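Trainee: Before we turn to single residues, could you show me how to read the overall fold and then work inwards?
Mentor: Gladly; let us have the model in view.

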Amino acid sequence: MYCEAPRVLVVDDDAVIRQLVVVNLELEGFDVYTAIDGFDCLERVRAVAPHVITLDVMMPHLDGWDVVARLREDPATADIAVILLSARAQAADLRRGERLGVDYYLTKPFDPDELIGVVRRFAAGRGQPV
């Protein structure tokens, strides 16, 4: 029986961080796609239909906060698990993420093993074997 690998959309304007996340997730068997900013994310999310999105907060043009708000407002994307990856780690940032419906908040620099575990947990929670 063929099981499709869980799809993850990695969104970060920093190419080095984006590639670090991609490599770690691909090594664990995830099907990984990328977006370079918030607008790119909103375009790619329809084509990719990810199970999980890792999302930077501080990006030009459309930040992660606005992306989460738009994802949650749209019934087609409202249930996608969103993991914020951000250097912003103040209590107010965590509360804002919670209010917007972020599923998990990881602060940069992050532990790759923690990232993998969190992505695995949310992909499995969406009915995808990991």
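Mentor: Two strands pair if DSSP finds at least two bridges between them, and helices (H or I, at least four residues) and strands (E, at least two) are DSSP runs, numbered from the N terminus. This is a predicted model, in which local features need pLDDT of at least 70 and side-chain atom pairs count only at pLDDT 80 or more, while totals for chains, interfaces and linings use all residues. Residues are numbered from 1 along each chain as its sequence is written, and side-chain values use heavy atoms, with hydrogens and water left out.

Trainee: In what order do the strands of the open sheet lie?
Mentor: The five strands follow the order β2-β1-β3-β4-β5, with parallel pairing. β2 and β5 are the edge strands, each pairing on one side only. On average, neighbouring strands are turned by 20° against each other, direction ignored, where axes are lines fitted to C-alpha atoms, for helices over the stretch in contact, and angles run from 0 to 180 degrees between N-to-C directions.

Trainee: How many bridges join β4 to β5, and which residue of β5 is the bridge partner of Leu 85?
Mentor: Four bridges join β4 (residues 81-86) to β5 in parallel, and Leu 85 has Leu 106 as its partner there. β3 and β4 pair in the parallel sense over five bridges, with Ile 83 of β4 as the bridge partner of Thr 54. The unit formed by β4, helix α4 (residues 91-100) and β5 is a right-handed β-α-β unit; that is, with the strands pointing away from the viewer, the path from the first strand over the helix to the second runs clockwise.

Trainee: Which residues of helix α2 are buried, and why do they lie on the same side?
Mentor: Buried means under 20% relative accessible area, exposed over 50%, and partly exposed in between (1.4 Å probe, protein chains only). In α2 (residues 38-48), the buried residues are Gly 38, Asp 40, Cys 41, Val 45 and Val 48. They are on the same side of α2 because they cover an arc of only 135° around the axis, taken from the directions from the helix axis to the C-beta atoms. Glu 43, Arg 46 and Ala 47, on the other side of α2, are exposed. The buried residues pack against β1 (7-11), β2 (31-35), β3 (52-56) and α3 (64-73).

Trainee: What caps the N-terminal end of α2, and what follows the helix?
Mentor: The cap is Asp 37, with a side-chain oxygen 3.1 Å from the backbone nitrogen of Phe 39; a polar contact is a pair of N or O atoms within 3.5 Å, and within protein one must be able to donate a hydrogen and the other to accept it, while residues adjacent in sequence count only if both atoms are side-chain atoms. After α2 comes Ala 49, in the loop between α2 and β3.

Trainee: Is Leu 71 buried or exposed?
Mentor: Leu 71, in helix α3, counts as buried at 1% relative accessibility. Leaving aside neighbours within four places in sequence, Leu 71 is in contact (heavy atoms within 4.5 Å) with residues including Leu 42, Val 45 and Ile 53.
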